[in-house]
Amino acid sequence: MALSLKDLSKVDNAYVPLGGRYIMALDSGTTSVRAVIVDEYDCVVARASRHIKTMYPRSGWVEQDPMEILASQIAVMMEVQFKSGIHSDRIAAIGITNQRETTVVWDRDSGQPIHNAIVWQCRRTADISDRLVAEGMGETIRRKTGLMPDPYFSGTKIRWILDNVDGAQAAVDAGELMFGTIDTWLIYNLTGAAVHATDYTNASRTMLFNIHTLEWDDELLKMLDIPRSMLPEVRWSSDDYGSVSNEIMTYGPPITGVAGDQQASLFGHCCFTPGCTKNTYGTGCFMLMNTGETCVTSEHGLVSTIGIAQGGKISYALEGSIFHAGATIQWLRDKLGLISSAKDASDLCRHLDSNGGCYLVPAFSGLGAPWWDPDARGLICGLTGASDRATIVRAACESMAYQSFDVLHSMERDAGVKLEYLSVDGGASQNEFIMQFQADLLGIPVVLSENVETTALGAAYLAGLAVGYWEDLEDLEQNRVPGKRFEPSASEEVVARNLSGWHDAVERARSR
Ligand SMILES: Nc1ncnc2c1ncn2[C@@H]1O[C@H](COP(=O)(O)OP(=O)(O)O)[C@@H](O)[C@H]1O
Ligand SMILES: O=P(O)(O)OC[C@H](O)CO
């Protein structure tokens with residue numbers, strides 16, 4: 001039998017590109033937007049990225065400019081083609097993945113946003129979600145959406161824009177406004193305003209979508225007085241989302257994959273079966289466990305969400321959302337000037353053999369899972385005369401692992417399973433100190449993704465499956481290679497002391 005190109009492509013030092021066709025994935029994250037080109041063996045052939053500016057106009061408020069997100073996304077799409085020499089005629093399909101919940105409202109005629117994007121971390125709508133709780137809507141929201149009333153989700157953000165932008169309510173009543181999360185905003189503009197759509201995973205984060213009937217829910221829309229006319233159509237994650245306009249890419253490849261970034265990462269990790277769990281350490285930190293066809297209701301502060309919407313089948317997921325993970329490292333850099341780059345954080349942590357009793361709770365805009373406390377605020381405690389900048393940097397890095405511990409602890413109790421290992425990815429997973437500390441806290445191995453672009457890869461998979469670039473899930477699993485593994489090695493006594501110090505600090509952050 002003749003050897004196939006597939007066999008030859010696996011020979012060391014002899015990369016054999018196959019078929020000459022590729023998938024492009026766009027990953028529009030909170031910290032940066034990226035474009036990557038991958039081949040059918042998951043090899044990232046080229047990548048380009050741009051930092052996105054975040055604005056904090058008031059305490060707890062977080063905004064980004066939708067035009068900057070769009071322009072930067074298009075810029076990296078062009079750059080990655082230029083870098084790789086792979087142009088639009090060789091792109092079989094495009095997948096889009098995005099920071100979720102972040103809300104854009106724009107004018108149907110001009111296409112111009114009527115306000116900055118309100119970012120998922122923003123707490124400005126806490127009073128609207130408090131009102132929903134006071135009106136007794138909490139249980140309905142939970143039952144229909146899997147979420148709890150919280151400013152995190154898009155619904156209250158839309159309401160705020162309609163209430164606070166001059167003329168917005170009248171314009172929406174006249175059918176002149178459109179809403180979208182970042183995926184929808186990108187799709188709309190990349191297709192030359194031809195397609196106003198989102199996918200089930202992104203819709204499930206709006207607090208307006210019924211995750212059981214898979215439809216926008218009239219009762220929830222009425223609760224926030226949001227008209228259907230402004231909402232996008234909801235499609236599967238592997239589906240037809242139109243083609244990129246020729247103005248942006250000459251041969252206009254089809255957009256056939258769309259998913260929220262945490263669900264794309266779940267898919268990129270090949271977490272296709274119930275119990276399979278991943279944790280992504282990006283701007284925030286998000287742990288998702290696939291619960292299959294069962295939508296598990298959390299008793300311990302997690303949300304239920306649509307995890308995978310592909311192949312005509314929905315898999316639900318339990319999710320623990322942590323609002324500040326890598327963002328804390330950016331704060332050390334930008335606001336305190338303690339480090340000049342995130343990489344410094346890795347170097348500094350190694351210089352200390354313990355945290356010296358110092359803890360940092362990054363409740364900059366309250367705490368997410370499992371506490372859901374919008375009033376908590378950040379603190380650093382346990383400082384002594386011996387504390388220095390390394391102490392604070394280490395406390396910031398450790399905080400990602402402690403928060404993940406709390407989420408995993410809740411998840412195991414909700415799902416009634418004990419994890420054997422945790423698959424991880426995201427920018428901050430490059431910090432080996434954090435990964436080792438995480439394995440020590442959890443008492444199970446932490447396994448890095450071999451491919452640092454797991455989220456983008458998930459979007460690429462979804463797009464590729466839709467056009468037959470990959471045949472099926474088995475095809476995807478075959479390419480999967482686990483990366484570095486961190487084994488737990490700390491003593492039980494040290495772990496118990498650290499956790500007790502952390503939980504004491506969390507209590508203080510919550511008892512303002
Ligand atoms: N070595 C590191 N140690 C700690 N945090 C890091 C490190 N490298 C990157 N980060 C953090 O990771 C985040 C970027 O990760 P990324 O997955 O690109 O985020 P996003 O998808 O949210 O844009 C930033 O907040 C950054 O501070
Ligand atoms: O920007 P990330 O990667 O931290 O992800 C943001 C989440 O999607 C918010 O829910």
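A backbone N or O atom of Gly284 lies 3.1 Å from one of the oxygen atoms of ligand 2 in this predicted model. Side chains join in as well. Taken on its own, ligand 2 has 310 Å² of accessible area, and the protein covers 94% of that.

As for the rest of the surroundings, the shell around ligand 2 takes in Thr30, Gln99, Arg100, Glu101, Trp120, Tyr152, Asp261, Gln262, Thr283, Gly284 and Phe286. Sorted by class, that comes to five polar, three nonpolar and three charged residues. Ligand 2 sits in the largest pocket. Residues of the shell come from both domain 1 (21-259) and domain 2 (270-449 + 481-512), so ligand 2 lies between the two domains.

Then there is the empty space inside. Rolling a probe the size of a water molecule over the atoms shows where such space is left. Searching the whole structure this way turns up three cavities of 30 Å³ or more. The largest cavity holds about 50 Å³ of space. Its lining is made up of Ile322, Phe323, Leu367, Gly368, Ala369, Pro370, Trp371 and Gln403. In terms of class, six of these lining residues are nonpolar and two are polar, with no charged residues.

Notes. Residues numbered from 1 in each chain as written. Chains lettered and ligands numbered in written order. Predicted model: local features only at pLDDT ≥ 70, side-chain atom pairs only at ≥ 80, totals over all residues. Heavy atoms only, no water. Near = heavy atom within 4 Å. Polar contact = N/O pair within 3.5 Å; in protein donor to acceptor, adjacent residues only side chain to side chain. Areas by Shrake-Rupley, 256 points an atom, 1.4 Å probe, with all protein chains shown as cover. 1 Å grid on protein atoms, 1.4 Å probe; cavity = no way out; pocket = protein on both sides within 12 Å on 5 of 7 lines; lining within 4 Å. Sits in = over half its atoms within 2 Å of the grid points. Nonpolar A, V, L, I, M, F, W, Y, C, P; charged D, E, K, R; others polar. Domains from an automatic or database assignment. Points joined across faces, edges and corners; volume = space filled by probe spheres on them.
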